[in-house]
Amino acid sequence: MLYHLLTPLADQFQLFNLFNYLTFRTGGAVMTALIISFLTGPSLIRWMRRKQGRGQPIRTDGPQTHIIEKAGTPTMGGVLILLSLTVATFLWARLDNIYVWIVMGVTLAFGALGFIDDYMKVTKQTSDGVVGSLKLIVQFAVALLAAWMCMDALSQAPDAPTGLATSVGVPFVPLSIFEAWFNAPGVPLGIFIVPFAAFVIVGASNTVNLTDGLDGLATVPVMIAAGAYALIAYLVGNAIYANYLSVPFVPGVGELTVICGAIIGAGLGFLWYNAPPAAIFMGDTGSLALGGAIGTIAVAAKHEIVLAIVGGLFVLEGLSVMIQIASFKLTGKRVFRMAPIHHHFEQLGWKESTIVIRFWIIAFVLAMIGLATLKLR
């Protein structure tokens with residue numbers, strides 16, 4: 001909004017020319033989201049505590065220490081994240097960019113779904129919220145629409161490489177190989193790019209949700225992933241940088257750098273209250289929304305597979321649950337003492353703070369490896 005209001009005045013007031021710079025507006029989004037979190041956080045937490053009473057119901061089949069230490073803590077802290085993220089994005093992003101609306105649409109839709117899930121848990125004082133199958137149906141419906149819109153927007157972009165809209169790149173493989181073999185900047189999937197992209201979005205959303213089991217565990221890795229994709233979106237959205245790095249140029253996607261900045265600011269603000277011992281949990285309201293946002297940004301930037309590296313911690317959490325379920329159903333035995341895998345380390349006697357910080361380190365290392373794919377081709 002500020003871009004559209006103030007850049008026309010740049011001829012009269014040279015200072016307003018700053019709003020033409022994506023880096024400046026990204027920095028503004030970071031600080032705006034952070035300030036909103038600081039200003040609204042305390043009152044929101046007090047209001048949530050009054051309304052929720054006993055707070056988020058703790059799973060009885062989870063670690064027993066959680067029942068004692070985390071009981072009574074309010075949830076739905078994702079409302080604070082979404083508030084600061086949304087305001088910051090709409091203030092600093094260009095509102096004539098289709099990708100901004102696609103990403104924010106998914107983020108708010110997934111956030112609304114998570115809010116309903118959290119509300120059902122709190123009001124019924126049970127760990128069972130929205131039926132899992134219904135939740136997946138809604139997520140895939142939203143994700144399929146978002147994936148189709150991304151493909152349609154890219155296919156109509158006059159400067160986009162031929163075949164980019166319906167192809168997927170593979171990390172560490174030179175662009176020239178794809179162009180020689182497929183005459184496209186990636187492996188051509190045709191119309192199947194839509195369900196593939198939807199799977200990326202839904203998978204990112206649910207694996208972030210699984211990771212959100214300890215104070216601060218999901219928040220920092222999400223910020224790290226947002227930082228990595230801020231750089232990716234900025235570079236692939238610039239024709240000069242994309243050509244230099246030999247990655248496909250994706251017109252217009254650079255504007256998603258602002259949303260990534262807003263995610264970082266909102267995450268930092270929320271972490272202030274979520275640091276152990278947490279004053280509030282983000283709940284599904286925050287985790288489903290943030291995961292969906294990161295997944296949609298990866299799809300829009302045409303770096304879908306790289307998300308498996310940048311967000312490798314989320315993948316590990318999701319795989320641990322899948323392996324645990326499959327092993328128990330097939331053999332009657334469990335691979336991990338408890339899933340997701342962060343609970344496994346709790347059962348081994350690791351302190352919560354130790355698990356959280358070590359997982360943050362893993363997330364940072366994986367993000368650096370993911371960013372290396374931009375050059376190692």
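A nonpolar core is taken here as a set of buried Ala, Val, Leu, Ile, Met, Phe, Trp, Tyr and Cys residues joined through side-chain atoms within 4.5 Å, where buried means under 20% relative accessible area, exposed over 50% and partly exposed in between (1.4 Å probe, protein chains only). The model is predicted, with local features needing pLDDT of at least 70 and side-chain atom pairs pLDDT 80 or more, whereas totals for chains, interfaces and linings use all residues. Residues are numbered from 1 along each chain as its sequence is written, and side-chain values use heavy atoms, leaving out hydrogens and water.

The largest nonpolar core comprises 103 residues, and those with the most contacts inside it are Y99, Y229, I232, L256, I259, I263 and I297. Beyond residues up to four places away in sequence, I232 touches A301, H303, V306, L371 and L374 (heavy atoms within 4.5 Å).

There are 12 aromatic pairs in the structure, defined by ring centres of Phe, Tyr and Trp (its six-membered ring) within 6.5 Å, with planes under 30 degrees apart stacked, over 60 edge-to-face and the rest tilted. F13 and F16 form a tilted pair, 5.6 Å centre to centre with 55° between the planes. F24 and W92 pair edge-to-face at 5.8 Å and 75°. Because F24 lies in helix α2 (residues 22-52) and W92 in helix α4 (residues 78-92), this pair ties together parts 68 residues apart in sequence. W92 is buried at 12% relative accessible area, while F24 is partly exposed at 31%. F13, F16, F19, F24 and W92 form one aromatic cluster.

Terms used
Helix = DSSP H or I, 4+ residues; strand = E, 2+ residues; numbered from the N terminus.
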